[in-house]
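Here are my notes on this one, as numbered points. Have a look at the model first, then read on.

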Amino acid sequence: MKLAMYQMENAESIEKNLAKSLNAIKEAAENNADLILFPEVQLTEFFPQYQGRDVSSVGKRQIL
């Protein structure tokens, strides 16, 4: 099994972070990775900054 690990600097935009993540997935796939690992707060800045913000629907159209 080939793993890819992606460490990224988060932008202040969930959409920008999602775009970075999707590019990382594409690059990992092109390099035959079986699994890619991201930071625990990949789409947002450190989560306490956004208390109560629902990010579950962000980017669904791009992923599906």
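1. Counting rings of Phe, Tyr and Trp (its six-membered ring) as paired if their centres lie within 6.5 Å, I get 1 aromatic pair. The partners are Tyr6 and Phe38: ring centres 6.0 Å apart and planes at 75°, so edge-to-face (planes over 60 degrees apart; under 30 is stacked, the rest tilted).

2. Where do Tyr6 and Phe38 lie? Tyr6 is in the loop between β1 and α1 (14-30), Phe38 in the loop between β2 and α2 (60-63), so the pair ties together parts 32 residues apart in sequence. Helices (H or I, at least four residues) and strands (E, at least two) are DSSP runs, numbered from the N terminus.

3. Tyr6 is partly exposed at 27% relative accessibility, and Phe38 is too, at 23%. Partly exposed sits between buried (under 20%) and exposed (over 50%), with a 1.4 Å probe and protein chains only.

4. Met1, Leu3, Met5, Leu35 and Leu37 make a nonpolar surface patch of about 590 Å² (nonpolar side chains joined within 5 Å, each residue with over 30% relative accessible area and no salt bridge). β1 (3-5) and β2 (35-37) each supply at least two of its residues. Met1 comes from the segment before β1 and is exposed, at 80%.

5. This is a predicted model: local features need pLDDT of at least 70 and side-chain atom pairs 80 or more, while totals for chains, interfaces and linings use all residues. Residues are numbered from 1 along each chain, and side-chain values use heavy atoms, without hydrogens or water.

6. Mean pLDDT (the predictor's confidence in each residue, 0 to 100) is 81 for the chain, with 73% of residues at 70 or more. Confidence is highest in β1, at 96, and lowest in α2, at a mean of 50. Where pLDDT is low, predicted coordinates should not be read in detail.

Note on methods. Patches are made of residues with over 30% relative accessible area and no salt bridge: like charges are joined within 9 Å, nonpolar side chains (Val, Leu, Ile, Met, Phe, Trp, Tyr) within 5 Å. Accessible areas come from the Shrake-Rupley method with a 1.4 Å probe; for residues, only the protein chains shown count as cover. A salt bridge is a side-chain nitrogen of Lys or Arg within 4 Å of a carboxyl oxygen of Asp or Glu.
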